[in-house]
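Visitor: I would like to learn how to read a few features of a model. Please take them one at a time.

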Amino acid sequence: MTVSQLSVDPAVALLPEPEPHRLLGSVPPDPVLWPRLHRELVRGRRYNAQATALTRQGRLAVYPSSTGQEACQVAAGLALGPRDWLFPSYRDTLAAVVRGLPPAAALGLLRGDWHTGYDPRAHRVAPLCTPLATQLPHAVGLAHAARLRGDDVAVLGLVGDGGTSEGDFHEALNFAAVWRAPVVFLVQNNGYAISVPLAKQTAAPTLAHKAIGYGMPGRLVDGQDAPAVHDVLTRALARARAGEGPTLVEAVTYRLDAHTNADDATRYRAEDEVAAWRARDPLDLLERELRRAGLLTDEGAADARAEAERTAAELREALGADPALRPADLFAHVYATPTPQLAEQARQFGEAP
Ligand SMILES: Cc1ncc(C[n+]2csc(CCOP(=O)(O)OP(=O)(O)O)c2C)c(N)n1
Ligand SMILES: [Mg+2]
């Protein structure tokens with residue numbers, strides 16, 4: 001063995017394709033999967049609008065909308081098998097809901113609950129993660145542990161373009177590749193990390209190119225093309241399950257809304273840029289294709305909207321109810337033995353520490 005010897009199979013192409021992978025308009029529609037993707041896109045769009053409205057009513061502390069990115073969200077949720085795990089960031093509530101989380105449960109953290117609002121083990125969805133990229137080493141750890149135990153599990157970790165500059169991203173990808181962990185990393189490159197555009201984030205040709213240095217394949221996909229994202233993720237997850245190691249997928253997409261309800265995006269991006277991406281709305285693109293193929297009628301579209309309204313009503317009802325708060329929870333699970341200051345504060349609340 002020489003120092004220059006690589007452990008990567010030379011037959012595996014690591015370089016991302018020069019153009020993002022696309023399926024819409026280039027292959028015949030799948031009559032089962034594509035309408036399913038469409039229904040979830042309609043529901044996802046409505047979910048984002050409803051959650052944002054709930055922040056204005058003070059029912060939700062903050063909401064990072066994924067409007068414009070729903071193709072990535074929906075494809076991520078549907079590509080996973082029942083035994084697989086999802087490791088989402090704060091923007092990935094839709095992926096978690098599509099995976100099967102009750103719509104209101106996915107908002108627990110964003111409402112300000114001290115716990116995540118759901119049982120991660122029951123749904124195989126890790127808590128939504130706010131510290132950037134820290135979900136990725138956790139995803140790799142779970143994937144590696146599953147492999148050591150002989151469990152047939154693949155893991156999907158979601159991260160943003162800004163998150164790829166974090167140390168945790170590097171550590172996760174390095175460990176994943178060295179261990180050949182059954183994990184897939186999906187970077188939703190939505191062009192911005194709050195107000196920081198991609199050009200100030202990285203000098204890499206694409207974010208998918210980052211895979212090469214770790215010794216895993218990098219795949220580039222059109223993030224507005226739901227069938228294409230689903231296709232790339234399904235293949236990468238199958239590859240992971242087959243013991244062939246991790247994949248880094250970059251989906252090129254756009255956040256049509258502001259970073260959160262607390263952000264004013266007009267301060268850092270131009271109207272015409274937003275308009276150009278609106279013209280590539282993932283929901284419109286898929287809807288047009290389905291109608292052209294005769295796979296979506298006005299009645300079918302109305303059904304999808306009605307289903308989305310039911311989800312929105314469920315959210316309003318669940319978040320409209322005042323939560324039963326216990327002030328003592330503020331002091332629980334902090335220290336095994338409370339500090340004198342915390343004990344004093346708990347007494348002031350009328351709570352035994
Ligand atoms: C470790 C860490 N540093 C900084 C922040 C503050 N922060 C929250 S969101 C964000 C931008 C992240 O951008 P990106 O990864 O592209 O994800 P997006 O919000 O676009 O989905 C930053 C810097 C944080 N949450 N965690
Ligand atoms: Mg971003």
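Visitor: Where in the chain does H333 lie?

Guide: This is a predicted model. H333 lies in the loop between α13 (298–320) and α14 (340–348). Its phi is positive, about 60°, although H333 is not a glycine.

Visitor: Which other residue has a positive phi although it is not a glycine?

Guide: R180 has one, of about 50°. R180 sits in the loop between α7 (167–179) and β3.

Visitor: How should I read the two sides of a strand?

Guide: Side chains in a regular strand alternate between the two faces of the sheet. In β7, T247, V249 and A251 point one way, and L248, E250 and V252 point the other way. Both sets are buried; β7 spans residues 247–252, and six of its six residues are buried.

Visitor: Which strands are joined to β7, and how do they run?

Guide: Strand β3 (residues 183–189) runs parallel to β7 and is joined to it by six bridges. N189 has V252 of β7 as its bridge partner. Strand β6 (residues 218–222) also runs parallel to β7, with five bridges. There, R219 is partnered by V249 of β7.

Visitor: What about the nonpolar core?

Guide: Nonpolar side chains tend to be buried together in soluble globular proteins. Here the largest nonpolar core has 90 residues, and L156, V184, L186, L233 and V249 have the most contacts inside it. Helix α10 (residues 226–241) supplies the largest share of this core, eight residues.

Visitor: Which residues is V184 in contact with, leaving aside its neighbours within four places in sequence?

Guide: V184 is in contact with A154, L156, L233, A236, L237, A240, P246, T247 and V249.

Visitor: Which residues come nearest to ligand 1?

Guide: There are 14 residues around ligand 1, and L132, G160, G162, G163 and A193 come nearest. By class, the shell divides into five nonpolar, six polar and three charged residues.

Visitor: How is the chain divided into domains?

Guide: The domain assignment gives domain 1 (33–322) and domain 2 (326–353). Taken over C-alpha atoms, the centres of domain 1 and domain 2 are 37 Å apart.

Notes:
Residues are numbered from 1 along each chain as its sequence is written. Chains are lettered from A and ligands numbered from 1 in the order in which they are written. This is a predicted model: local features need pLDDT of at least 70, side-chain atom pairs count only at pLDDT 80 or more; totals for chains, interfaces and linings use all residues. A residue is near a molecule or strand if its C-beta atom, placed from the backbone, lies within 6 Å of it. Ala, Val, Leu, Ile, Met, Phe, Trp, Tyr, Cys and Pro count as nonpolar, Asp, Glu, Lys and Arg as charged, and the others, Gly among them, as polar. Domain bounds come from an automatic or database domain assignment. A nonpolar core is a set of buried Ala, Val, Leu, Ile, Met, Phe, Trp, Tyr and Cys residues joined through C-beta atoms within 7 Å. A residue is buried if 20 or more other C-beta atoms lie within 10 Å of its own, exposed if 12 or fewer, and partly exposed in between; C-beta atoms are placed from the backbone. Helices (H or I, at least four residues) and strands (E, at least two) are DSSP runs, numbered from the N terminus. Two residues are in contact if their C-beta atoms, placed from the backbone, lie within 7 Å. Two strands pair if DSSP finds at least two bridges between them.
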